Structures are given as structure tokens and as C-alpha cells.
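Hi,

Here is the model I promised to pass on.

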Amino acid sequence: MNGPACIVALSASARSLLPGHDFADAYQVDAAVSGLTARQATQAIVTHPPAWVRHLVKTRNCIVSLFQLRTVEIGVDQPLQPTIGGFPVVAQSAEEVVLGFDDKHLDFRISVTVNAGSDTGTLVTVATVVKTNNFFGRAYLATIMPFHRLIVRHLLEHARFGQVS
């Protein structure tokens, strides 16, 4: 287990992912592994979620499919699409991976960045940026917000950064 995930200020690059966004937050952990790439960090965070997170996402998928919204099978990559942990890759470099997609109710981006941390670690930051498109998007965002905060912190604190290649 990593140290506690701390809320941090959103970087300028994360703020620019969705101009006019309605919500943004960022959490950071000091992973006890040096030299992580953003892709390795992202894989460690979203590829092996705990059962309770998979269950919440499965429940979410059942509900939103009734409204013909996009679903994500967290932890499962799509063979014909560039995804990490089921989320489409929007952009990537050694220092940052951006995941997300646009939907009818809202657009979202997840930015995972890495920077040199302590002498033997890497600072890993997960920023979430959301732009709502209508009333349903605002209602959806308000509903999932408590779960979002809990899940992001848990995934960062329990990511197996030392077990990725």
C-alpha cells in the first residue's frame, strides 16, 4: 500500500483539457518506485480495481445504458481500441496519459502524470476534469461525486506501482 492520497492543486495542463469545465480535482501519492512512466502508473491504478469498485461501475453501467450512454468495463482493455483499464487513451507521453471520452451528458478526462518524487519514489497525480453538457450531466455528476472521490483516493493508495512493466 502507498501513502495517503492528498488533494493537490490542478496543473495548468489538466485545467486546459476541457475548456469551460464544470468540475476538476487532483489527488497525488508518492509511489515508492522510482522512474515510473505515466503509462506504467496508469496501468497500476486502473488495471486491477478491487471487486467493490468493479461492482459499482457495473451498477453504473446498467443504469446509464438505459439512457444510451457509454459504458466502461473498468480493468478490461478493448482489443481493437487504444485503452488502459477500459478507458480510451486520448493522449500520452512518458510524463502524462490522458484518458476519457465525450458523451451526451458530459465529457471527461483523466490525466495521470508522473514526476520525480522522494529519493526513491515517483509522484503520481490523477486529475479528473468534467464538462457537463446538459441537466442530466449536472445531475449525474452530483450523484457520482462522493463515489468518485472515494474511488480515486483508494485506487491511488492501493495501486501496485512496483508490479508493472
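Predicted model: local features only at pLDDT ≥ 70, side-chain atom pairs only at ≥ 80, totals over all residues.

Residues are numbered from 1 along each chain as its sequence is written, and side-chain values use heavy atoms, with hydrogens and water left out.

**The sheet**

Seven strands make an open sheet in the order S1-S2-S7-S6-S5-S4-S3, with antiparallel pairing. Strands S1 (6-7) and S3 (83-84) are the edges, each pairing on one side only. On terms: helices (H or I, at least four residues) and strands (E, at least two) are DSSP runs, numbered from the N terminus. Two strands pair if DSSP finds at least two bridges between them. As background, strands of a sheet pair through backbone hydrogen bonds, either parallel or antiparallel.

Val-89 sits opposite Leu-99 of S5. You can pick out Glu-96 facing Thr-113, Val-98 facing Ser-111 and Phe-101 facing Phe-108. S6 is then joined to S7, also antiparallel, by 11 bridges, and Thr-113 has Thr-125 as its bridge partner in S7.

In S5, six of the seven residues are buried, where buried means under 20% relative accessible area, exposed over 50%, and partly exposed in between (1.4 Å probe, protein chains only). In S6 the count is nine of 11, so that strand is largely enclosed by the rest of the structure.

**The helices on the sheet**

Helix H2 (residues 38-46) lies across S3, S4 (87-92), S5, S6 and S7 (122-132), at about 120° to S6. Helix H4 (residues 135-158) packs on the sheet too, touching S2 (23-31), S6 and S7, and its direction makes about 5° with that of S2. For those angles, axes are lines fitted to C-alpha atoms (for helices over the stretch in contact), and angles run from 0 to 180 degrees between N-to-C directions.

Why is H2 largely enclosed by the rest of the structure? Seven of its nine residues are buried, so there is your reason. The buried ones are Ala-38, Gln-40, Ala-41, Thr-42, Ala-44, Ile-45 and Val-46. They pack against S3, S5, S6, S7 and H4, with contact meaning heavy atoms within 4.5 Å.

The largest pocket has a volume of about 910 Å³. Of its 37 lining residues, the closest to the centre are Val-57, Arg-60, Tyr-140, Ile-144 and His-148. H4 gives the largest share of the lining, 13 residues. By class, that lining has 30 nonpolar, six polar and one charged residues.

The second largest pocket holds about 190 Å³. It has 14 lining residues, with Ala-44, His-48, His-158, Ala-159 and Arg-160 nearest its centre. Its lining splits into seven nonpolar, six polar and one charged.

For the classes, Ala, Val, Leu, Ile, Met, Phe, Trp, Tyr, Cys and Pro count as nonpolar, Asp, Glu, Lys and Arg as charged, and the others, Gly among them, as polar. A pocket, on a 1 Å grid over the protein atoms alone, is an open set of points where a 1.4 Å probe fits, with protein on both sides within 12 Å along at least five of seven lines; lining residues have an atom within 4 Å of a point. Grid points are joined across faces, edges and corners, and a volume is the space filled by probe spheres set on the points.

Thr-132 lies in S7 and is buried, with a relative accessible area of 9%. Leaving aside neighbours within four places in sequence, Thr-132 is in contact with Asp-22, His-105, Leu-106, Gly-137, Arg-138 and Leu-141.

Trp-52 is in helix H3 and counts as partly exposed at 34% relative accessibility. Not counting residues up to four places away in sequence, Trp-52 touches Leu-150, Ile-151 and His-154.

Cheers
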